[in-house]
Amino acid sequence: MEKLLEVKDLAVSFQTFFGEVEAVRGVSFHVNKKETVALVGESGCGKSVTASSIMQLLPMPPAFYKSGQILFEGEDIIKKSEKEMQQIRGSQISMIFQDPMTSLNPTMKIGKQIVEGLVKNKKLSPSEAEKKAIDMLNLVSVPQPEKRIKQYPHEFSGGMRQRVMIAIAMVSNPKLLIADEPTTALDVTVQAQILDLMKEIQNQFDTSIILITHDLGVVADMSDRVIVMYAGQLMEEGTVYEIFKNPKHPYTRKLLGSVPRLDMDRSESLHSIEGTPPDLYAPPKGCPFFDRCDEAMVICKEYMPEREYHTDTHYSCCWLNHPMAKSVAEGSVV
Amino acid sequence: MVEPLVSVRNIKKYFDVGEGELKAVDDVSFDIYPKETFGLVGESGCGKSTAARTIIRLYEPTGGQMFFEGVNIYELSRHEMQDMRRNFQMIFQDPYASLNPRMTVEEIVSEPLRVHHIYDNSKERRDRVIQLLELVGLNEEHSLRFPHEFSGGQRQRIGIARALALNPKFIVCDEPISALDVSIQAQVVNLLKRLQDELGLTYLFIAHDLSMVRYISDRVGVMYLGHLAEVASSEELYDNPIHPYTKALLSAIPIPDPEIQRSRRRIILEGDVPSPINPEDNCRFADRCPYAIKICKEIAPELEEIEKDHFVACHRANDM
């Protein structure tokens, strides 16, 4: 399989009044062509910062890259100038956001918003632009597109707005679509519609998708591979079946155990994860999950574990999975 | 036969919105029994929060009756209502907006005690506050801090402590966990369950996360556009849904298991929830319902007992 995007040892920090926030701390992963990779984690774990840094959407300052490369089709996009990025954004890599109300311009007609990027880059005539806008609304199944392109965002429902966002993102047929919590603000029945639409579009255009979400049901539905993130670091990565059927990291296991399932007995209690994620002003030097982990050992506090591969596609970062873990565990469990 | 603690009868709440009448809650009736959790689910705008607020008379009802231990609280005077309010409390969705940022935790939790003049001296009041904080998993040291010093989950605990201050019997939980992260959600839900066992509380639990509602509720009501579509015990509702809307809603929840999720057949509803402003007096779901027949577009169905303790408002309930 061909790699479309490769992120190598990415570290992003924010300089704030109180000091440096290390939001992303050495993250490496790749996205193949035509596949959907889910980035899962709780708020503040750095998943949105990772996504925004691929698009170079972070305000710099306060944000800055501490290290790393983001290779998109082999070229490092961190080194690109703002002008070069403008050519990549929208045409090669697109993004859809969580809240379709605040990410559309309330004072601009929908049709114009859809083709805004194209008109700028490709110099379309007004009639071509209108035709393109109608085509795009048809693609995302918005009824009556001829009438809809002349309307404003407030005349659209939440689900329809998210369809418009997808139309905007897909207008120049990007190779990579980053979807940051695309259905979190929507109701379940509308969410099901939007997820289906994203799958259809992916099949039609062979788009790769990075899906950022905290909803494990959506992950199970959409993704080929799953990356679990915690406190700015990757904890585990595998195919969707490996992660859901055979999670190796205690955090992944706890995360899966903390959501109620429809087939679960109601007398079972949920596995809550006690405590809260660490403070990223002063991130722990060892495993960041250390103080919430039931299986933590002395070494976990001191050193961050390396990746331990279970299969070619499945790794976890946990000392428990280290080949020598058994002997370490004896007598030194905290 | 156990008497219901809360009996809601034909409550209505309409809002005047200029373009007409917004019928947020239209003729909703159900019972909640002592020490049970009644879940109310539905999509945004279906009227579940308005129903809850109307039930405890935070909104003045447009019509209907609400019996709390046999007393119709809608007929009480302002003064009588104030005394009655000790019996029911509310936990809000947004733990950031529902705590006054300028008050300390002690002031927040003791406010209901002060309003209702429960203790004469501040020492006793403070002891009660600390007892409440310990009950929800916080401690004395937290009492002098301000809300901004707490995480979302801890703030929700403060909100719960405040709700428990007056020893209420009935608590309305309006999406208490939807603003929290999954790992924290489980903490709060486990806390609510433990408190229910220890204190014998009755909950009205509102949420749009259907798997969480199934987990926490004994019985569940499904709302659609101001009407109650179906009421049943949670196992029954999830195993044997009858109303076409309930079926669609349940099938739309993504299950966190790739094998099950990818193999099941899903009902994808067309379109969006219609506007609740001046709705027609038919089945509110008729336009999106794949089973709708002529009568559905003419008359609104009544909530009927189709099987024992399983109520459905659908003209075709017996064909489903």
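Where in chain A is Pro61(A) found? Pro61(A) sits in the loop between helix H1 (47-55) and strand S4 (63-72) of chain A. Helices here are DSSP runs of H or I with at least four residues, strands are E runs of at least two, and both are numbered from the N terminus.

Before going further, a quick word on what you're looking at. This is a predicted model, where local features need pLDDT of at least 70 and side-chain atom pairs count only at pLDDT 80 or more, while totals for chains, interfaces and linings use all residues. Residues are numbered from 1 along each chain as its sequence is written, with chains lettered from A and ligands numbered from 1 in the order in which they are written.

Back to that loop. A cis peptide bond links Met60(A) to Pro61(A), with omega about -15°. Step on, and Pro61(A) is joined to Pro62(A) by a cis peptide bond too, with omega about 10°. Pro62(A) also belongs to the loop between H1 and S4. For context, most peptide bonds are trans, and most residues other than glycine have a negative phi.

Now for phi. Asp9(A), in strand S1 (residues 3-16) of chain A, isn't a glycine, yet its phi is positive, at about 50°. Over in chain B, Asn167(B) lies in the loop between helix H5 (152-164) and strand S7 (170-174), and its phi is positive as well, near 55°.

Are these two buried or exposed? Asp9(A) counts as exposed because it has 12 C-beta neighbours inside 10 Å. Asn167(B) has 11 inside 10 Å, so it counts as exposed. The cut-offs are 20 or more other C-beta atoms within 10 Å for buried, 12 or fewer for exposed, and partly exposed in between, with C-beta atoms placed from the backbone.
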